[in-house]
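Please walk through the model below, from its overall fold to its cores, its pocket and its charged pairs.

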Amino acid sequence: MTKGELKDKIITACKEAGTYQPFFDDVINTLAAIMEIRDSAVVKYEESGSEPVIKHTNKGGHENIVKNPALAIINEQNQQALSYWRDLGLTTKGWVGITGNKAEKKETTFEDVLANIGI
């Protein structure tokens, strides 16, 4: 996805959550850029065979097993994005912080548990 498409998707998510404010646009732009980098790394990771570890030859000519750099970028971008998602109210904790609403808790009875597992 392009940065513009990601921005539109983030704005839509904020509006659905009831947390969108126009002054969030700079934060949304930053998050869209982070997500664009992450998406690009995902494509490279998948193209390289989705291997979590790869062989790397160092300057001395020795082969070592290292974490796939694309996977490292994906993880780093996800960590950065999480704080932005939270600030925009797109996580449970962030949403509660912005709206002041608490997610509804449904009482679950023992009978409900048994019914859900098919007993």
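A residue is called buried when its relative accessible area is under 20%, exposed when it is over 50%, and partly exposed in between, as computed with a 1.4 Å probe on protein chains only. By this rule E63 is exposed, with a relative accessible area of 53%, and K55 is exposed as well, at 61%. This is a predicted model, in which local features need pLDDT of at least 70 and side-chain atom pairs count only at pLDDT 80 or more, while totals for chains, interfaces and linings use all residues. Residues are numbered from 1 along each chain as its sequence is written, and side-chain values use heavy atoms, with hydrogens and water left out.

The chain has five helices and two strands, where helices (H or I, at least four residues) and strands (E, at least two) are DSSP runs numbered from the N terminus. Along the sequence these elements follow the pattern α-α-β-β-α-α-α. Of the 119 residues in the chain, 20% count as buried. If a contact is taken as heavy atoms within 4.5 Å, then among contacts between residues at least 6 apart in sequence, 50% join residues at least 24 apart.

The interior can be described through its nonpolar cores, each being a set of buried Ala, Val, Leu, Ile, Met, Phe, Trp, Tyr and Cys residues joined through side-chain atoms within 4.5 Å. The largest such core has twelve residues, namely L6, I10, I11, C14, F24, I28, L31, A32, I34, M35, A81 and L88. Helices α1 (3-17) and α2 (25-47) each supply at least two residues of this core, and the largest share, five residues, comes from α2. A second, separate core has five residues, including A41, Y45, A70 and I74. Returning to the largest core, I10 is one of its members, and, not counting residues up to four places away in sequence, I10 touches I28, L31, A32, L88 and L90.

The next feature is a pocket, found on a 1 Å grid over the protein atoms alone: whereas a cavity is a set of points where a 1.4 Å probe fits but cannot get out, a pocket is an open set with protein on both sides within 12 Å along at least five of seven lines, and its lining residues have an atom within 4 Å of a point. The volume of the largest pocket is about 170 Å³, a volume being the space filled by probe spheres set on the points, with grid points joined across faces, edges and corners. Its lining consists of M1, L6, K9, I10, A13, M35, R38, D39, W85 and L90, and α1 gives the most to it, with four residues. By class, the lining has seven nonpolar, no polar and three charged residues, where Ala, Val, Leu, Ile, Met, Phe, Trp, Tyr, Cys and Pro count as nonpolar, Asp, Glu, Lys and Arg as charged, and the others, Gly among them, as polar.

Leaving aside neighbours within four places in sequence, R38 is in contact with I74, Q77 and N78.

Which residue forms a salt bridge with D39? A salt bridge is a side-chain nitrogen of Lys or Arg within 4 Å of a carboxyl oxygen of Asp or Glu, and two are found in the whole structure. D39 pairs with R38, their closest N and O atoms being 3.0 Å apart, while in the other bridge the side chains of E63 and K55 meet at 4.0 Å, N to O.
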